[in-house]
Amino acid sequence: MSELAESNNHIVQSLDGEKKKKKRKRKKSKNANIPVVEDKLEDPEPLAQNKKTKFDNVNVKAEEEFVEPSVVTNTPLKEDTTAEAKLENQKVSPKPKNQKRPRSINKERKDTKNVSYFTDDEDEDVNQEIGPTDWKSLQNRADKLLEIRKTLPVYKSKDKHMEHLIKNKVTVLIGETGSGKSTQIPQFLIPHNKKAIAVTQPRRVAAINLATRVAEEYGSKIGDKVGYSVRFDNKSHKNTKLKYLTDGMLLRELMMKSDLSQYSTIIIDEAHERTILTDLLMGFLKELLLKRQEDKDFKIIIMSATLDAEKFSHFFNDCEILYVEGKMYPVERFYLDTKSEDIIDTTINTVIQINQGEEEGDVLVFLAGQEEIDKACSALQMFSPLLPKEAPIIVPLPLYAALPPAQQMKVFQPVKKNQRKIILATNIAETSLTVPGVRYVIDSGLRKVKVWRHQLGLSTLLTVPISQASATQRSGRAGRERNGKAFRLFTESDYHNLPKQTEPEIIRTDIAHSILMLKKLKVKDIVNWSWIEHPGQDSLFSALNQLYSLKALDDNGDITELGEQMAVLPVSPHLSTVLINAHKLNCLGPVIDIIACLNVENLILNPPSDKRDEINEKRRQICTLGNKYGDLLMFKELLDYFIAINSTGDKKKWCKEFYFNFRGFKNVLQIRDQLTQYMKSLFGADIENNDDDNDYFAPSDDEDLINESEMKSSKRSNNKPLGIESILKSFLQGFVMNSAIGYPDRSYRTVFSGQLISIHPSSLLFGKKCEGIMYTEFVYTTKGYARNVSMIDPEWLKEIAPHILGNREAINDN
DNA sequence: GAGCACTGC
């Protein structure tokens, strides 16, 4: 994301915050809570001070992280190890000896974790359109902005760059953070393009913010000459000259109109992030170059922030590379002299040292996951009152995606003058969110990553070291507003042993969906396609196999009619199989509901530990079907409840009571509508609106699974009973490979590999004995856990999967 | 009797 985009991001966000504040004021601020741990403080036993921080014994090296803005180079950022600096040996005081970390910390963490969920009002759709709308004031505003634009590095080299860009069909443009490349270059290009310009972004917010900013600069109303297009939100029309869109959106346009002839220039921004969709787009663009060879106006620009330019250039037939300098303040880097034994202790010590030894400025800490963040957060809260009075008061703030938006917003709100924000974040703060005011970065050097094991057909969640590029990016977060410092919680030699670049996503994820897209786009030879990064034979064959068993591909590996339909649907191939089968089995309505829920992350939140049993029990009570048939039916029941509640206020209250995510449910409704539309377009007029009285609730032929009282309970919002068996069978069509047979000792073994698995404790079926189960997700952490589990009748497998099920013994075995 | 990083259509 470019500097401007991000600063605009702040503007929008803080405006958003202002609106919220006002709204809250109007409501007489019913929520004056700040999650603090109070009780246990008389007997503090401050932790972390027992161990010496590795910085204590100094010998810490500092280096200049960033090249001076005036230096433009095509070699990797130089590491100037000559500039050695000593980190002042800050004494932490009071410093009791031999004190162990109190055992209560873990408990405390749980208790404070969700304290302020739902306390802030979650606004209804906030209209982000800001500023004037009449032509004259638009123009005035644009004129003012022009003065600022002229100070951007990229503006100064405008003519030189434009000459290259116009002359060449493909250009790789490297721009450091703050160069303004994402906002300026597309604008410069407008007069030189007969048709529209597309600029892709990996993230929705980035696309929206960039478009909003550029529209202002251009003196256009958003959605007119400058617009954007992201899922559920399109502010563009056929005369839009410059369109920012997510890379997923452009791929979708590619699938609908395969030569993208509506655009004369296509810009791929943030290419260095190497998301799976960006990589696919680059592959297609390379093919498009051949297809549109005669089209003199057609141009491609690849924009990237780091210096992996050669790879992109080489991929596009050694095209020219342009460099734009950035606007970045220097950041001093510090390393440990010995490895950290306990990353949380080291983190806390470092925070304290910064707090007592460094000038004002907030601290951003990068940790691997929620667990570490919550631990560190409550530890900091716990002895923050014990710190010397002269030092600023620390305000620890967690930041991760699973946190409700209201709580995430807290990192953007200013604190009092004598306070210092300590933001403890996951990777979300590396690219997705920019926190203003950060001057110090503490980097654990770790991140969590989901890795797909195609040999095993399952994913694992691992904590792994970051790359050098990632470390640079994290450190850079300290130098956005003025000089900063980055404290790396690893040694300098560790740093040099890190991989240079983060592994592209396509290497480590399940690519079945991508392969289906390629097939839909008529790619014959998948193995020799124009991959910028080849995912590897094994991964390809695993994906082809999956698609074959879902009947999306035929014996020749060609896409089937079913496959064509699946490719259009905006869900995984497994789930599109389910959708299409649900249509056949006449239970599409409830299946769409369930799939919409499955596609929203963090719909069901974890209650704090002291309320866990109580909340779980309450949830069980309202999910009678879920209790019996499993988590898929639970989603249907919950959504019915949510819809049936009349007022928004009551919906929110209900969500709060059960620890559900209100915004999540709203998102579910959007996805539900979209899926209904797609199914309508695929299968014609017989698909009715998903909203109310529809026909999908007709019972299937054999409903022996369901007794009368359940029939009654499932009628809640409809006149006809749910076809539970049909629903479950539809899902089984997509997830046959994820089925397991129950054994008398309550263990489960998968039908196809015989592997021992467990039902995740978050499932309603946890601890229950079922003859057979299926699940939509499997993650290996401490052991193999199935999530989103539903019961099945093992007999169904014979009916549904004879083509995969070689022998029946596997089933009859138990 | 556990605990999942981040995106996207």
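In this predicted model, DNA strand B is surrounded by 33 residues. The closest are Arg204, Ala401, Leu461, Arg612 and Arg787. Of the atoms of DNA strand B that come within 4 Å of the protein, 61% belong to sugar and phosphate. By class, the surface near DNA strand B comprises 12 nonpolar, 10 polar and 11 charged residues.

Individual polar contacts to DNA strand B involve several side chains. For Arg252, the partner is a sugar or linking oxygen of DNA strand B, 3.0 Å from a polar side-chain atom. Four elements are listed as giving two or more residues to this surface: α8 (247-256), β15 (446-453), β21 (772-780) and β22 (784-792). The largest share, 3 residues, comes from α8.

A helix pair was also examined. Helix α20 (residues 573-584) packs against helix α28 (residues 724-734) at an angle of about 140 degrees. Their axes are 7 Å apart. Angles over 145 degrees count as roughly antiparallel and 65 to 115 as roughly perpendicular; α20 and α28 are therefore oblique to each other. The crossing of α20 past α28 is right-handed. On the α20 side, the contact is made by His574, Leu575, Thr577, Val578, Asn581 and Ala582. These meet Ser730, Phe731, Gln733 and Gly734 of α28. The residues of this contact divide into 4 nonpolar and 6 polar, with no charged residues.

Key. Residues numbered from 1 in each chain as written. Chains lettered and ligands numbered in written order. Predicted model: local features only at pLDDT ≥ 70, side-chain atom pairs only at ≥ 80, totals over all residues. Heavy atoms only, no water. Near = heavy atom within 4 Å. Polar contact = N/O pair within 3.5 Å; in protein donor to acceptor, adjacent residues only side chain to side chain. Nonpolar A, V, L, I, M, F, W, Y, C, P; charged D, E, K, R; others polar. Axes fitted to C-alpha atoms, helices over the stretch in contact; angles between N-to-C directions. Parallel < 35°, antiparallel > 145°, perpendicular 65-115°, else oblique. Left-handed = near helix turned anticlockwise from the far one by under 90°. Contact = heavy atoms within 4.5 Å.
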